[in-house]
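Have the sequence and the 3D view open side by side while reading. The paragraphs below are meant to be followed residue by residue.

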Amino acid sequence: MKAEYRKGCPQRDSAEHKEYAGAQSVEARKRSEQGGAKDLLEEILDKRNLFEAYKRVKDNRGAPGIDGMTVEAVLPWLQENVEELRQKIREGKYKPDPVRRAVIPKPDGSGERMLGIPTVIDRILQQAIALKLTPIFEPVFADESYGYRPDRNCQKAMARVKEYADEGYIHVAEVDLSKYFDTLNHELLMNLVRQHIQDKRVTQLIKSYLKSGVMEKGVVTETEEGSPQGGPLSPLLANIYLNQYDWEMKRRGVAIVRYADDIVVLARSQRAAERLLESSRKYLEEKLKLKLNQEKSRAISIYSRKFKFLGYAMGKNKNGNYIRAHKSSLKKAKQKLKEKTRRNRGKNVREVMKEVKAYITGWLNHYYIASIKNTLIEWDKWLRRRLRMYIWKQWKKPRTRVDNLRKLGIPAWQAYQWGNSRLGYWRIAGSPVLSRSITNEKLVQAGYFEILNQYERMRKH
């Protein structure tokens, strides 16, 4: 799957819902105020809109649905069948296929996330709906919501948390919703959609997606609640559903920051945070029929090691508050780098460096706002040593090692001594001989990606 870190959040985003949001327009605002265009379905089915939806689905790639059709194969099918497809939708005869159940591990390792992968055709139609619905609902969304919205992302959400901390809101209620996407109440959700969409054909089409069912191991199960993650329409519907909560907290004067179903409520004292956690639980469970995860929902200090929001944490020093990467986020990234530089992979070291660069680029695109300079200095040293170890392993035979050391400027006697050494790979990788032969400059020439330099460049922009 493809992740776009600057525009979204790798901790939450899936390829199927990336970039569904479009820009607002004056006409869209008017339409929202008027309750939605009555001919909205025709706007959705407009060929230009369908083609834009196709392009986004193609860019996002993603796995096939239950029919096995790939993104690459869908264009010829559309060219031949698009008119028939449009007519079936106009007549209300189109029935979406059940989504294919897929299970992926959560980014923080805390369990599994259930995805529902629609067919490529249904992904295109969902994307087409989202493109037209987003400008209608965007003006009514609260400023406190940052997930899957135009010009908003994880970095801006965490920056807002820091702003609150600077204002003295240093206690938080972490609100964790249990299986949020899978437990949306269809009746409540559709009532919220109908408040802004007059075209009944559109609301009926949305409802048909909610009711399309899930196929797992060849068995189709009806969906009585939820909007499974995996389709381009689900993030928008999820924001519509929780918008009530955002505005209720705003009405009460409560400070909150929400990214999809990741919610932090901020307060000036521990007691206030505890009260807000309880009032949030009451509203979400009684009004919206959702369920809080009691184990993960808690009131804590924003400086606590337990506090984690979108992979970030907060720290404080003599200069004030600062954003940092959470310890678990750093641990996971370092483990990933360790796997990529494992000395027995058998790949050319330049290919390994390309993989490291690709991973680190994506990682930094998310964490560049965090104060992690010292960590990255250590990572650079550690990665260079691991790459020297990788190269040493690839040289294999003592004679090859001696010859290569001599070519790299090491005196013959020293090259012979180290080339025939019985010391372990890691010990030799950290030796002055390898630092003088496989220099930092030579690693850069071979393709090594200097993490600290990239981080500092990104911080300037």
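Predicted model: local features only at pLDDT ≥ 70, side-chain atom pairs only at ≥ 80, totals over all residues.

Residues are numbered from 1 along each chain as its sequence is written, and side-chain values use heavy atoms, with hydrogens and water left out.

A pair of aromatic rings is described by the distance of the centres and the angle of the planes. Rings of Phe, Tyr and Trp (its six-membered ring) pair if their centres lie within 6.5 Å; planes under 30 degrees apart count as stacked, over 60 as edge-to-face and the rest as tilted. The count by this rule is 11 aromatic pairs. In one of them, the ring centres of Tyr312 and Tyr367 are 5.4 Å apart and the planes stand at 65°, so the pair is edge-to-face. Tyr312 belongs to strand E9 (residues 312-317) and Tyr367 to helix H12 (residues 349-367), so this pair links distant parts of the chain, 55 residues apart. Helices (H or I, at least four residues) and strands (E, at least two) are DSSP runs, numbered from the N terminus.

How accessible are these residues? Tyr312 has a relative accessible area of 0% and is buried, and Tyr367 is buried at 3%. Buried means under 20% relative accessible area, exposed over 50%, and partly exposed in between (1.4 Å probe, protein chains only).

A further pair is formed by Trp363 and Trp379: their ring centres are 5.3 Å apart with planes at 50°, so the pair is tilted. Trp363 lies in helix H12 and Trp379 in helix H13 (residues 373-395), so parts 16 residues apart in sequence are tied together. Trp363 is buried at 7%, and Trp379 is buried at 4%. Tyr312, Trp363, Tyr367 and Trp379 form one aromatic cluster.

Rings can also have a charge over them, which requires NZ of Lys or CZ of Arg within 6 Å of the ring centre and within 35 degrees of the ring normal. The charged end of Arg268 sits over the ring of Tyr169, 4.4 Å from the centre. For Lys334 the ring is that of Trp382, at 4.8 Å from the centre.
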